[in-house]
Number of protein chains: 2
Amino acid sequence: MKTGTLYLIPTNLSAPFTPAHILPATVVETALRLNHYVAENAKVARAFLKNIGLDKPLLEISIRELNNHTRIDALAEMIAPLVAGHDVGLVSEAGAPGVADPGAIIVALAHQHGIAVVPLVGPSSILLGLMASGLNGQKFAFHGYLPQDKAIRINVLIELENESRRRNMTQLFIETPYRNHSLYADLLTTLSPSTQLCVARDLTGNREYVQTKRIAEWRKLVPTTEKLPTLFLLLAK
Amino acid sequence: MKTGTLYLIPTNLSAPFTPAHILPATVVETALRLNHYVAENAKVARAFLKNIGLDKPLLEISIRELNNHTRIDALAEMIAPLVAGHDVGLVSEAGAPGVADPGAIIVALAHQHGIAVVPLVGPSSILLGLMASGLNGQKFAFHGYLPQDKAIRINVLIELENESRRRNMTQLFIETPYRNHSLYADLLTTLSPSTQLCVARDLTGNREYVQTKRIAEWRKLVPTTEKLPTLFLLLAK
């Protein structure tokens with residue numbers, strides 16, 4: 001029996017959103033055609049599908065949740081429709097599935113079952129932020145969330161800055177919106193005045209903001225952090 | 001005087017291509033509206049514009065080349081239209097401008113001049129390959145091209161594998177198509193049997209191929225490298 005295909009479908013980074021701004025037309029068509037989904041958050045996935053123009057009842061679409069609370073024995077259920085020949089869509093809470101989210105585990109399982117995996121084009125704050133930063137896009141690393149403990153986090157920032165200088169590597173990391181201000185304060189006190197910092201906020205949204213400046217310049221400004229999804233990028237010389 | 005905006009416009013990874021597969025409709029509209037471009041390769045940029053439906057004479061569009069041969073004193077010319085209030089598009093030879101290409105320098109200059117930088121959604125082999133690999137998308141690094149010298153390259157591969165194991169980090173790198181076979185051979189002989197390798201080729205193209213397997217499994221297969229753009233990703237346990 002022919003197995004299904006696992007489609008990786010990026011979703012909106014910001015809300016509300018206009019599908020034609022952030023998704024190719026055929027990606028929207030593919031997303032609307034599928035009856036099986038694996039989603040980081042089912043409620044967010046339903047909102048996404050309605051926003052891109054779903055015109056069938058949501059109850060006809062099976063959405064299984066895959067996040068940090070998912071039990072490993074639930075993975076077999078997620079793969080089952082694919083093995084049975086149905087196409088499945090994987091969506092994250094925001095942006096590209098499998099990147100900075102727990103979605104990769106189902107993609108790995110698909111490879112193990114010989115199931116075709118097709119990544120589709122759409123928004124990713126990491127990629128958009130890197131493009132817009134003007135920092136080194138020929139060598140970069142993404143580190144996810146930094147440690148919450150202040151002393152440990154400051155040590156990690158010092159290590160990331162040293163590595164950036166040594167390898168000429170852009171370092172990317174994220175923070176939950178309500179802790180942006182505190183991370184930004186740590187960046188300004190910890191990093192060298194000559195290090196370049198890019199703050200990329202609400203990408204693709206109405207309040208999109210991308211600025212790259214040396215730490216010495218950021219220190220002269222009123223803090224611009226807001227409680228919006230933010231990507232931080234640094235490059236040390 | 002109001003300055004222009006620098007739009008970062010991703011372009012097709014594979015040819016021929018259908019714009020509706022890889023670009024949001026409003027990104028195509030923005031690209032068609034601009035009269036000033038900075039491009040890694042002017043000929044490739046013209047082909048892209050024709051393929052997305054340009055209906056004005058190409059001669060009306062100014063395209064300045066920015067690549068590894070560009071002299072630094074040409075950068076001022078590229079910024080001039082922005083300073084004069086015109087919008088400018090930045091395009092790479094393929095994929096996202098500013099990522100794995102020399103485009104970041106003009107983005108950095110735009111930030112220095114206080115010019116708005118707007119990254120637009122489109123294809124990136126690095127992002128699509130990472131999504132489709134099923135490897136760790138919560139911590140990863142992109143290294144561009146590896147050294148050409150075989151002995152040095154093998155040492156770099158050993159270092160990348162060790163770092164991947166230590167930091168649980170996916171390592172991404174690319175090779176020019178005609179050297180894929182040789183890099184693939186080095187990967188199979190150098191890496192540990194338990195290391196996972198993803199080969200992602202011709203992403204978004206007619207010959208798209210994405211497979212993730214342990215080195216021990218790859219060794220049992222006929223080499224599948226072809227002279228097509230390929231991204232390699234590894235994760236060591």
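**Notes on the predicted two-chain model**

1. Let's start with chain A: 47% of its 237 residues count as buried. Keep in mind as you read on that this is a predicted model.

2. Next, the overall build of chain A. The chain holds nine helices and 10 strands. Along the principal axes, its C-alpha atoms fill a box of roughly 60 × 35 × 30 Å. A compact globule with 237 residues would have a radius of gyration near 18 Å, and the 20 Å of chain A agrees with that. As for how the chain folds back on itself, take the contacts in chain A with a separation of 6 or more: 79% of them come from residues 24 or more positions apart.

3. Now over to chain B and its sheet. Five strands make an open sheet in the order E3-E2-E4-E1-E5, with parallel pairing. Strand E3 (62-65) and E5 of chain B are the edge strands, each pairing on one side only. Ignoring direction, neighbouring strands of this sheet are turned by 25° against each other on average.

4. Strand E1 (residues 5-8) of chain B pairs with E5(B) in the parallel sense, over four bridges. B:Leu8 is a handy place to look, as it stands opposite B:Pro119 in E5(B). In general terms, strands of a sheet pair through backbone hydrogen bonds, either parallel or antiparallel.

5. What lies across this part of chain B? Helix H5(B) does: it lies across E1, strand E2 (36-39), strand E4 (88-91) and E5 of chain B. Against E5(B), helix H5(B) runs at about 140°.

6. On to where the chains meet. The contact takes 44 residues from chain A and 43 residues from chain B. On the chain B side, the elements giving two or more residues include helix H1 (19-22), helix H2 (25-33), helix H5 (104-112) and helix H6 (125-133). Strands are in there too, among them E5 (116-119), E6 (140-145) and E9 (209-214) of chain B.

7. Strand E6 (residues 140-145) of chain A is joined to E6(B) by three bridges, and the two run antiparallel. To find the spot in the structure, go to A:Phe140, whose bridge partner in E6(B) is B:Phe142.

Conventions: Residues numbered from 1 in each chain as written. Chains lettered and ligands numbered in written order. Predicted model: local features only at pLDDT ≥ 70, side-chain atom pairs only at ≥ 80, totals over all residues. Contact = placed C-beta atoms within 7 Å. Pairing = 2+ DSSP bridges. Axes fitted to C-alpha atoms, helices over the stretch in contact; angles between N-to-C directions. Rg over C-alpha atoms; globule rule 2.2 N^0.38 Å. Buried ≥ 20, exposed ≤ 12 C-beta atoms within 10 Å, placed from the backbone.
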